Each structure stands twice: as structure tokens, then as C-alpha cells.
Amino acid sequence: MSYRGPMLPPSPVALAFPHIQWDPLGSLRLTAQETALLRMAETNPIGYTLADARDATMYARVLLKLLAEASAAGAGVGAVSTKSKSCDEKAALEALEEDPLGVVSHYAVTKLHSIIITLMSGTTVSVGNVFYSGKDGLLIDQWKALLRLLNKGGHGDLFAQSGAALCLALILVSACPSMQTATRDDCAKTGSASYASAVEPLEALTAWIVSQLKSATGSNIGIAIPAMTALMAATETRHLFSASGGIKYLARQLRASSKRSSVSSDQNARAGSATVQQLYELTFCLWCMTYELNGSPNIRADFVKDGAAVEALTLMVSNAPREKVVRVALSALVNLAKCSADEAPEPPGMARVDGNVFLTDMLACKLLKYIQFLQDRQFTDPDIVEDIKILHKLLAANYKEMSRWEVYKTEVESGHLQWGSTHTEAFFKENARMLEGKDSDFKLLKVLIALLSSKDDEIAAIACHDIGEFVRFYPNGRAIAKRLGAKELVMPLIEHENVDLQRHALQCVSKMMVQHWEYVK
């Protein structure tokens, strides 16, 4: 079965496409032969145009030329670039009149994607035949027109950029050895495509995708998701994505998007937060990456960094925006919980990361509690039911092996504090001395003090509470907390806009100042 990449949504000005007049658009520098080819492609089914490798190659190159010339002439900053919703025919024709080069860019991207998807679906001509040339199968130079669209940054046309990134990803992924191996059994006609010629463009595209993931705005992440999803199809591109820092930023984006999406849908629309579909696609990409865990210590290390991946997936389970999101998040968590370092062990000097490490992170994020909630729900998908059983069994077994102190220590080290039985007076009466640490370096207390600066108000409030309880129950705890800088960080929080954080900060400072706190109620 042939791989088919992500689909491209219709252009907002798609209804203007049949009305494009090529002859007056001199800035595109089309030859008579190229104009005739465009007109012929409009009158014939796409399968007919792509039936011959030479015609298909010429058509693809003309479309890439349209993009290059339109971009050079100023496309991407006109009226069409401001369109985010589908226009009716009248509005589309007005856009064509006002910004013809913008419409041409949308047209070229749409047709290019149609070509690629058709070639990938099993025609007699392949992506390799059309976009790679010569006996060595080198990537054609015209691909750079797609990258130029991406480099316009925030000033570009969102549809054109997203479509160009997706087209480029599909073209480049087709050259990956793992993809060629996967399709060769189905399709002996796979054109030779040199992976070596695609590596540098892949690095540039991956760097662009990661730069979009670093952004906190919903619109930017929407641009990158289709291309990122396409990269998940091949082993080589998954490893490249990880090496570029993609896992870390994907997890952070998913975590941030989930928290933003906890507000109302109306607020989401105004704030530019990720939609449920985008949350699903981000989770899907993270799930795809989990299939490289057993074969790469570096990818395991990327997943464990700052616990962002486990926290993000746990948020998807706890918030449960849709059943399909829960399904793929649970599947990713199962892969993390069951991963092994035996096949590809860490080199000397690198900490071992396997399923037990991720299970500890999951417990710190209170996943066991959410899994227990899910057990009471009715799911139609048997995979969800099975994954819930697997995770509950693994988490429960891991939890039994941990003392309450170990659970607390793991939670603090992960930075994902949540109210529970370990944030109580009774717990600190019993365990305050444990914060001293084996080497009397108060390492865990220092982590708590650092969490006072968290952007998450609840985490900062819990840190205030725990530091205050340490001060109460550890001998000379007041002096130690002050010496480590806790007071300086807590004081500004007394005037914080969050009332709950303000209250806990005031109580924390009071505990540092008052010797017999138990008499102050």
C-alpha cells in the first residue's frame, strides 16, 4: 500500500483559480510553451498529465517557476496573504483583481500538492521520477522556490507557507531509504532519488519547523504541523527531527497548547490557541517519535529532558479533549513505559534511560490518578481500554515500590508540583529532615526555591507552601531558607495578582519571620 501524506486544506481563494489569465502576468516570465502546458493541465484530468514522466516533470517545474517568479515579484504580502477563511466567488475574484500574484502562489502550491499526492498514490510515474533528475537521482534545483517562501517568516502568506513546507517535506521524505524500501515491494517503478542530495534541504526544513514550534502562537504552529506530520513517515527524518531539538519543543508546544486550550473555545479563537485537531496532530507526532526509543539513546534522552514529554501527554489524558487525542496519548505513554535500553544502550558516562525512568516521571505527574478515572469511563475503542489496563498495571507496580518520600522527591525533581497528600503538615512533620539530602546540600530545597519563579501559579503556590512547612519543621529551617535566597523570591509574590499564590506567599514569609507559627492562626 502506498504512503499518502497529509492533505492540504483548500486555498481561501480557490474559486479564483479558473479565472487566472496567464498572458497579462508578464512578471511571471512564462514562455508560450509553459503557458500552453498550464492550460492543457487545466482541461485534462491530472492522471492524464502525469501519465508521462517528461510531461509530469515539465508541469512540476513550471509550477515551481510560478512560485519563484511570483515570490520575487512581491507575492506573499498582498491582499491574499490576509485571507484566512474561504472566500465566496465574488470575494475570490476581487482578490484576484487586487493581488493576482498572491492567487498565483496559492494556485501553484495547490497544484504541486495535488501532483505529489497523485504520484504517491501509485501511478506509473513516481515522485523520484519528477523531482529528482539524472542517473544519480539528484534533487532538482527548483526546490529552492519552496524554501524561499518559508524564509519570509511572519511576513509571509500562511497558506502558501504551510503548503510549500508540506510539499517540500513530501518531496524530500520520498528520498529516504526507509521510504524507498517500504514502497519498493508495492511499486517497482520507484524512481531513483538520492537521499544525499535531500539531506541539506531536509535540515533546512526541519530547522524551520522547529523554529515554528518555539513560537507560542497558535497560527505559527498551524503552519508547521502538516510538514512536521509528513516528516514522521520516515526513520531518517524522525532522527533528524530529534537531533534538531524537535522533541523538546514539540513537547513544550503541546504542553503550552493544552493549558491554553483549557479556557473556553471563544477565548481560544481570540488567543490563537491550538484547536483540538491541532492538539491531536501534535500528539500524533510525539507518538510517532516514541517508535524510535528502543533504537536510540539520544532520543530517549530527549524524551526525558525536563519531563516535558510525559507532562504534555499526561495533560492530554487528564484534559481528554477528544477520544482520539486520548487514544494516541495513551499509546505514546505505553511506548514510553515499555521502552528498553537493551537494543541500543547508552554510551559510557550517559545516564541509562528506560521505561522505569518514564514510569517514575508519570507518577510525578499524577498519571496513575487520571488512569484510575479513565477506568470508570466507557470507551468504544478497544485499544484505549487495553492501554489503560497496561498503564495501570505498570504504574501501580512502580508506585508500590516507592515510599511516600520517593514519590515526593520525584515530583519536585520533575518540577510538576500538584496538590496532594505529600503537600501537607503531616507529611512534613515526618519528612522535613529528608530535604537535607544525603550530602547535606539541601539540593531538593534548592529546587523548590527555584520553582518559586515558575510561570505556573499553582506550582509557585505549592513551592511557597512546602518551603514554609520546611521552615516550621526543620531545625533552624528559617535561617537555611533565608540563606538560600527563598525570602527574596517569595516577597514579590505577596503582591501577585493570583489570590491563592498571594496567600501562600504571605504564609511562607510569615513562617520565616515568626518563630512559633503554630500559635499564629
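Of the 521 residues in the chain, 52% are buried. The model is predicted. Its fold comprises 28 helices and two strands. Along the principal axes, the C-alpha atoms occupy a box of roughly 90 × 50 × 45 Å. Among contacts with a separation of 6 or more, 74% join residues 24 or more positions apart.

Charged side chains number 53 positive and 56 negative. The centres of these two sets are 3 Å apart.

The largest nonpolar core contains 140 residues. Within this core, the residues that touch the most other members are Trp22, Leu66, Phe131, Leu205, Met228, Phe303 and Met362. A separate, second core holds 35 residues, among them Val412, Ala463, Ala481 and Ala505.

Leu66 was then considered individually. With neighbours within four places in sequence set aside, Leu66 contacts Trp22, Leu28, Leu30, Leu38, Val104, Tyr107 and Ala108. One of these partners, Trp22, is also listed among the core residues touching the most other members.

Thr57 sits in helix α3, which spans residues 53-72. The relative accessibility of Thr57 is 15%. Thr57 therefore counts as buried, because the cut-off for burial is under 20%. Beyond its neighbours within four places in sequence, Thr57 makes contact with Asn129 and Val130.

Definitions and conventions: Residues are numbered from 1 along each chain as its sequence is written. This is a predicted model: local features need pLDDT of at least 70, side-chain atom pairs count only at pLDDT 80 or more; totals for chains, interfaces and linings use all residues. Side-chain values use heavy atoms; hydrogens and water are left out. Helices (H or I, at least four residues) and strands (E, at least two) are DSSP runs, numbered from the N terminus. Buried means under 20% relative accessible area, exposed over 50%, partly exposed in between (1.4 Å probe, protein chains only). Contact means heavy atoms within 4.5 Å. Lys and Arg count as positive and Asp and Glu as negative; His and the chain ends are not counted. The place of a charge is taken as NZ of Lys, CZ of Arg, CG of Asp or CD of Glu. A nonpolar core is a set of buried Ala, Val, Leu, Ile, Met, Phe, Trp, Tyr and Cys residues joined through side-chain atoms within 4.5 Å.
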